[in-house]
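Have the structure open as you read along.

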Amino acid sequence: MATTTADTARLFRCRLEELGPLDDMVTAMFETDKTDFGKASPDYADADFLTGWNARKAAFAKLVPTGARRATAKEVTKTMTQVAKSLRDPLNWLNIRLNRAGKKDGLTVGVDDFGLGKVRNEISTQDMEGLDGALGYLLGLLAVPANQQALTTQGHTPADTKAFADAQQQLKAFNTAQNSSLNATLEFTDENTKAGNALWEYIADVLGTGMLMYKETNPKKAKTYSLGTLMKRIRKEYGGAGEVKPTLP
């Protein structure tokens with residue numbers, strides 16, 4: 001199982017999801033004032049500077065934000081819940097037929113021993129792994145020839161059993177997908193931080209140089225290179241949509 005025991009320390013002074021918009025703003029400012037940056041140091045005019053920066057932008061952009069992975073896991077859970085709830089009516093029909101078959105002593109075990117109560121409970125508590133196991137137990141009893149014959153006389157069909165089997169397979173697949181998503185979130189946490197730190201080096205470099213360049217000659221312009229100023233702009237633009245909360249981390 002993935003772990004985060006060796007997490008990289010976060011150097012960037014904003015949320016992970018804010019780094020992209022912040023980088024876009026800083027890049028635009030750098031392009032506008034590129035001549036002044038070149039005067040401050042030839043390093044900024046060198047093509048290698050932008051090449052390195054763009055490489056880090058690309059590496060950061062390839063990573064799926066943790067928030068997106070959690071959203072995916074949430075959607076998987078929602079779908080699993082829908083699949084589980086869809087079993088309630090078929091369970092009631094099966095219960096009726098088991099009751100009738102039980103009255104004729106055609107079953108190998110008592111009706112309660114088929115575990116319908118456990119299946120219903122796992123659906124109610126949304127314990128999907130428990131539901132997988134409960135369905136497996138039920139399907140095992142439904143596969144016993146004597147039980148098949150007794151239920152067939154009560155109107156239960158192979159298609160009815162298949163519906164339970166299909167649901168179990170869906171839940172198995174969704175459980176695997178959800179666990180993979182959660183594990184991936186843990187695995188990507190450290191990678192996201194490293195990529196964020198790498199991009200932050202360029203952001204912090206440009207902001208620091210910009211403030212120093214204009215601090216005495218153009219204080220108003222220097223303020224535009226303040227992280228605080230830029231974060232207020234970002235959170236004003238994105239906060240209304242609920243993407244970024246209007247409070248500092």
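**Rings, charges and a buried leucine**

The charged end of Lys221 sits over the ring of Tyr214, 5.2 Å from the ring centre (NZ of Lys or CZ of Arg within 6 Å of the centre and within 35 degrees of the ring normal). This is a predicted model, in which local features need pLDDT of at least 70, side-chain atom pairs count only at pLDDT 80 or more, and totals for chains, interfaces and linings use all residues. Residues are numbered from 1 along each chain as its sequence is written, and side-chain values use heavy atoms, leaving out hydrogens and water.

**Aromatic pairs**

- There are eleven aromatic pairs in the structure (rings of Phe, Tyr and Trp, the last by its six-membered ring, with centres within 6.5 Å; planes under 30 degrees apart are stacked, over 60 edge-to-face, the rest tilted).
- Phe37 and Tyr225 make a tilted pair, because their centres are 6.1 Å apart and their planes meet at 55 degrees.
- Both Phe37 and Tyr225 are buried (under 20% relative accessible area; exposed is over 50%, partly exposed in between, with a 1.4 Å probe and protein chains only).
- Trp53 and Tyr202 are stacked, at 5.8 Å centre to centre with 15 degrees between the planes.
- Trp53 and Tyr202 are both buried too.
- Ring pairs join Phe30, Phe37, Tyr44, Phe49, Trp53, Tyr202, Tyr214 and Tyr225 into a cluster.

**Around Leu199**

- Leu199 counts as buried because its relative accessibility is 1%.
- Beyond residues up to four places away in sequence, Leu199 touches Asp23, Trp53, Arg56, Lys57 and Phe60 (heavy atoms within 4.5 Å).
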